[in-house]
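Here's a quick briefing to read alongside the sequence and the model. Have a look at the fold before going through the notes.

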Amino acid sequence: MNTAATSFPERNAAEVADLVLAREAAAPEVVARRARQRRQMYVGQVASYSLGASVLLLYAYDGAISMGVPSLFWLGGLLIIGTFTVLSEAGFGDRFEDHYLTVFQISAHTTLQLVFLLAVPTVGVAFLAVLFLIFAFGTLRMTSSQAMVTWGLTTCGLVVVFLGSDLPIGLPVTTRLQRTASMLCFVLVIGQCATLGLFGATLRKILYRRSIELKAAYQRIEELAELDELTGSYNRRCIMRLLDTAIEESRQASTPCAIALIDLDWFKRINDAHGHPIGDEVLRTFAITIFANIRPADCFGRYGGEEFLLLPGTDGAAASRMLDRLRQIVADLDWNAFSPGMRVTISAGVVTLRDNDTADTFLVRADRALYSAKAQGRNRVITD
């Protein structure tokens, strides 16, 4: 006869998903959304009690129960709904994690059903059927502890009804009108359970989709935390971590490990002559060019300023050949798009890992090789 199901299940499920994923209940938009959702729920409850009272009215019209029962049942439901509506509009529930006051609502509606079950046992099965509907709603919002509490209270009530009395609980089906009313009783309960099922299924789908979106967002955050914002290459923290990993793997597998420290020649002059925006575009173009001409397994990151670190995953000789090829590609690019007559070249120092090297000494040796390349006229690769 009664349900706490809300209307518009898909929209409401989306709102519930938002509240599950955003726990900041103090936010005004969240509080307003909660209030709107509770109002929709109470409207659904009023409609449910009205339908239940209509079924009871059929029994009363046929003479199976008193004519006052449908009105009392409807007024009792409205009293419960009105009480929780007043509390909702006053914001009483917003101070609790369960702002629906689910345990209290279920307890109140269950008590009403049991009272009418004792008062009108002739149609008692109709009230018993509604208990399943009430708990179907509760499962959408109750925690395990709340479920145990409400189940325990309901069990106590049923013990009183079935073991504390000998009332003939039944469902009249003697006349055609009674059979129609009994059929409608179950049809309405099943229909409202189906609505709750739709709500729950929609909620699960939305939460699943939000979890996928959240996972993608976390992955994106992790990527951004590892990437240099300007060039899209690994940032210093990440490339240094990858360097440590490469050194460890090289020693465990007894394989060669080489690194290359790369510097854009006379980059300060580019910034001074053309401005920092052009300098940024040069850095971006250089990084894109390197990415386009190295293997996916090669690691490339911004070491600092206009210096970059490349982990080619090869020995020193192969790394030197790779860097010389990259040097030539960069030098041959048409940089006139940034400024007529602009020319950009790179210098690089390539070193191979030694037994006594740490990450720091490895980089110091690469820096010395790079310094030697600059001292010898730039636009060249020096191998140590």
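The chain exposes about 19,500 Å², with carbon and sulfur atoms supplying 62% of that area. Keep in mind that this is a predicted model.

**Overall shape and make-up**
- You'll find 12 helices and five strands in the chain.
- The C-alpha trace spans about 110 × 50 × 40 Å along its principal axes.
- The radius of gyration is 37 Å, whereas a compact globule of 384 residues would come in near 21 Å.
- As for burial, 46% of the 384 residues count as buried.
- Take the contacts between residues at least 6 apart in sequence: 72% of them join residues at least 24 apart.

**The α4/α5 pair**
- Two packed helices are described by the angle between their axes and the distance between the axes.
- For helix α4 (residues 102-119) and helix α5 (residues 124-138), the axes come within 9 Å and cross at roughly 175 degrees.
- Angles over 145 degrees count as roughly antiparallel, so α4 and α5 are roughly antiparallel to each other.
- On the α4 side, the contact is made by Thr102, Ile106, His109, Thr110, Gln113, Leu114, Phe116 and Leu117.
- On the α5 side, Gly124, Phe127, Leu128, Val130, Leu131, Ile134, Phe135, Phe137 and Gly138 take part.
- What kinds of residues make up the contact of α4 with α5? They split into 11 nonpolar, six polar and no charged.

**Asp263, in a strand**
- Asp263 sits in strand β1, which covers residues 258-264.
- Is Asp263 buried or exposed? Its relative accessible area is 5%, and buried means under 20%, so Asp263 is buried.
- Setting aside residues up to four places away in sequence, Asp263 touches Glu306, Glu307, Thr345, Ile346, Ser347, Leu370 and Lys374.

**Leu57, in a helix**
- Leu57 belongs to helix α2, made up of residues 28-62.
- With 42% relative accessibility, Leu57 counts as partly exposed, because that category lies between the 20% and 50% cut-offs.
- Beyond its neighbours within four places in sequence, Leu57 is in contact with Met67 and Pro70.
- How far apart are the C-alpha atoms of Leu57 and Ser233? They are separated by 74 Å, and the two residues are 176 residues apart along the chain.

How values were computed: Residues numbered from 1 in each chain as written. Predicted model: local features only at pLDDT ≥ 70, side-chain atom pairs only at ≥ 80, totals over all residues. Heavy atoms only, no water. Axes fitted to C-alpha atoms, helices over the stretch in contact; angles between N-to-C directions. Helix = DSSP H or I, 4+ residues; strand = E, 2+ residues; numbered from the N terminus. Parallel < 35°, antiparallel > 145°, perpendicular 65-115°, else oblique. Contact = heavy atoms within 4.5 Å. Nonpolar A, V, L, I, M, F, W, Y, C, P; charged D, E, K, R; others polar. Rg over C-alpha atoms; globule rule 2.2 N^0.38 Å. Buried < 20%, exposed > 50% of the residue type's maximum accessible area, 1.4 Å probe, protein only. Areas by Shrake-Rupley, 256 points an atom, 1.4 Å probe, with all protein chains shown as cover.
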